[in-house]
Number of protein chains: 2
Amino acid sequence: MTETQETRANPSRRALIGWGGAGLALGAAAAGGAVAMARTGDDMDPAAAETGGAVEFHGVHQAGIATPVQDRLHFAAFDVKTDDREAFVQMLKDWTAAARRMTAGKTVGEGAYGGLAEAPPDDTGEALGLKPSRLTLTIGFGPSLFDKFDLADRRPEALVDLPKFPGDNLDRSRTGGDLCVQACSDDPQVAVHAIRNLARIGFGKVAIRWSQLGFGKTSSTTPDAQTPRNLMGFKDGTRNIAGTETDRLDKFVWVGEEDGPDWMTGGSYLVARRIRMNIETWDRASLQEQEDVFGRDKREGAPVGKAKEHDEPFLKAMKPDAHVRLAHPDSNNGITILRRGYSFTDGTDGLGRLDAGLFFLAYQRDVRKGFIPLQRRLAAHDALNEYIQHVGSAVFAVPPGVRDSGDWWGRTLFSKGA
Amino acid sequence: MTETQETRANPSRRALIGWGGAGLALGAAAAGGAVAMARTGDDMDPAAAETGGAVEFHGVHQAGIATPVQDRLHFAAFDVKTDDREAFVQMLKDWTAAARRMTAGKTVGEGAYGGLAEAPPDDTGEALGLKPSRLTLTIGFGPSLFDKFDLADRRPEALVDLPKFPGDNLDRSRTGGDLCVQACSDDPQVAVHAIRNLARIGFGKVAIRWSQLGFGKTSSTTPDAQTPRNLMGFKDGTRNIAGTETDRLDKFVWVGEEDGPDWMTGGSYLVARRIRMNIETWDRASLQEQEDVFGRDKREGAPVGKAKEHDEPFLKAMKPDAHVRLAHPDSNNGITILRRGYSFTDGTDGLGRLDAGLFFLAYQRDVRKGFIPLQRRLAAHDALNEYIQHVGSAVFAVPPGVRDSGDWWGRTLFSKGA
């Protein structure tokens, strides 16, 4: 975490202002105390951080990338529905204001429950009383956005369209998007609430193209934390970049001044892939086959021939097409990405099979030096390909963080002088 | 809770037996200590109950009905794919054994990770290391099951096919089912793991017809707990039956000896309805309209003209078509059901709208005296109908609990002498 991205305690999600006027006795007068939020930084109670803490919205980088991974995800890709640049910029400012409040555990607007009864509430209300739950909201701009609003000359070279990889079976209705918002929280209701309210604020300017809920994180950005298991039952993402590894973040994740364009300095690039798992086929594979495919043992997550998950892997002991061997930086000229994916289960397909898998999210400094060469290699050789299929895909330029209360999402892109 | 349905502490979900034989050094030798699970009953640490506790599987009634509502749901309806009664009964026994282990935080089989490498693992593995997380598994038998296996004369009179209600727009692919399993847990990965492993055990005998994930409970069966908000932002289910209200449970939920058939004594009937909310339309309705529709204020959940959620409602102060007024027992000759529903958000439909709403689950002693008359009234008059649509439906006979380690799901139905 950067110095401005500490965690703070916050008792409860409330409409802080505008409680009067509804004519009802109110037993919550003390709620105003929530305005003065105690910033306790690193010494805060871990249990509070787990369930109630707020993650700082402002910073050099957007939260939701190197900050600790939360338990739940609601990811939405939006298409732009207006050609009015001013209206779109105003929406980005309105989104920023709403995001600033929601990540602090507040309702979207100040008149959420006590405003004019004749008007729709400012906030849809289902998160009232819930804790901030470490909500982070992270915005990204897709390649197609740069075809609009006279932005063509501002499109970063690193924001390339992803090539078609062998085995890709992309569903157009789960692919692409002019912009995206990644909402992560320990409470799914808080994450769903955030996307829903942004969609509502954006009505007429943007519309949701597709969205994805994730219920189990599959990576950790916290050193020493237990690596979660994916739906194949394996620990995956063991060697992920930790949010405290400033050197590796600068090398592999954050766009530097020397990279250009200027407006992206401090930002990153996000690749999202919906990877369906052939769960039923996998579940009938032998333990030996499963362990050969990954190059790890299932129980401990240890690399082949080793005892513990974090033991240094000896790649040559693995089968040539083992996933860990092929994906390891030593096999890829050092390529390293920050993974932040989630498991998903979206009910059942028409054939009685679980529609389940991994919603892969990876951040990197340059897609051309990160996901693309890595996936070219995996798509061609990975033993795992027998059991998975990439069915959705998107790429986004993730701008730098919102610096302070006067700043807004996309300012560096849309302000000519920036 | 009944005397046999206490909560117990349990450190972690592990394969308790069968760890040997894989040739890897194992730092978890102490894990065997988990076999001796401390049963601490009512005095257990509430935080442990929240995240790690196991709910007793055995009892007069199945767990998952009157036991405290967990945070997450994975509900699956299955169709029978065999006409071999013996094979089906064996599957029910295998399911029971697996459910007994999984609800205790164990893997499905004893050779989950240390068995023969040449065989598929006994357990899919994604819940290894996770706590029991209050997992409950509750089985039900649909009307169509009684057309099979010579069961026609054992079908309860109370298990009627639901009529078509005004406004119903049922999707066949989300309706019906020969049997169902309701998996509830505080950890979605644990609930998803349970359904997946039951489906796997049932391969060739049953197949999933449809399934539904729920992420936010919308009712509480715990007295004095905060009533959760539904996705309309309102507290709903305020007057639900608490799991401790033995008298009301006996009167409204549990099938009595006098009701018949004998095999259902101690059981209940479950109605499941997938209720889509027209979220975007609702979000544009004024606060006054929203409060009129429910008959409650949005902030506190207080009935019209009252100050607090649990204040006795004065029904005549509400609009005649207000939801609370129409659904209240006083307007329905005392009809009372136990609600145990969950919010759902299944991404976006093809029109950019959230596919979100309430997965309504209600338990009752007799569907003809519970859901059917209540829904007839609501479907005809409820002001809420402008904003919701019932798109999935099913009804199940939920047999009594599994008494002990020799008992199994469905024994009272399938054992002729029972």
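Asp283(B) forms a salt bridge with Arg196(A), and their closest N and O atoms are 2.7 Å apart; a salt bridge here is a side-chain nitrogen of Lys or Arg within 4 Å of a carboxyl oxygen of Asp or Glu. Between chain B and chain A the count is two salt bridges. The model is predicted: local features need pLDDT of at least 70 and side-chain atom pairs count only at pLDDT 80 or more, while totals for chains, interfaces and linings use all residues. Residues are numbered from 1 along each chain as its sequence is written, chains are lettered from A and ligands numbered from 1 in the order in which they are written, and side-chain values use heavy atoms, with hydrogens and water left out.

Across the interface of chain B and chain A, 16 residue pairs are in polar contact, both residues at pLDDT 80 or more. A polar contact is a pair of N or O atoms within 3.5 Å; within protein, one must be able to donate a hydrogen and the other to accept it, and residues adjacent in sequence count only if both atoms are side-chain atoms. On the side of chain B that touches chain A, at least two residues each come from β3 (72-80), α3 (188-201), β6 (206-214), α5 (279-283), α6 (287-294) and β10 (342-348) of chain B. The largest share of that side, five residues, is supplied by α3(B). Helices (H or I, at least four residues) and strands (E, at least two) are DSSP runs, numbered from the N terminus.

In terms of contact (heavy atoms within 4.5 Å), 61 residues of chain B meet 61 residues of chain A. The size of an interface is often given as the accessible area lost when the parts come together. Here the buried area is about 5,100 Å², with carbon and sulfur atoms giving 59%; this is the accessible area (1.4 Å probe) that two parts lose on being put together, summed over both.

Arg196(A) is one of the buried residues of α3(A). Buried means under 20% relative accessible area, exposed over 50%, and partly exposed in between (1.4 Å probe, protein chains only). Of the 14 residues of α3(A), 11 are buried, so this helix is largely enclosed by the rest of the structure. Helix α3 (residues 188-201) of chain A reaches 20 Å from its first C-alpha to its last, close to the 20 Å expected at 1.5 Å a residue; the expected span is 1.5 Å times one less than the number of residues. At the start of α3(A), a side-chain oxygen of Asp187(A) comes within 2.9 Å of the backbone nitrogen of Gln189(A).

The buried residues of α2(A) include Phe88(A), Leu92(A), Trp95(A) and Arg101(A). Just after α2(A), Gly105(A) takes a positive phi of about 90°.

Most residues other than glycine have a negative phi, and most peptide bonds are trans. The peptide bond from Gly260(A) to Pro261(A) is cis, with omega near -10°, and Pro261(A) lies in the loop between α4 (246-252) and β8 (268-277) of chain A. In chain B, a cis peptide bond joins Gly260(B) and Pro261(B). Phe149(B), in the loop between β4 (136-141) and β5 (179-185) of chain B, has a positive phi near 55° and is buried, with a relative accessible area of 10%. Asp150(B) also has a phi near 55°, but this residue is exposed, with a relative accessible area of 67%.
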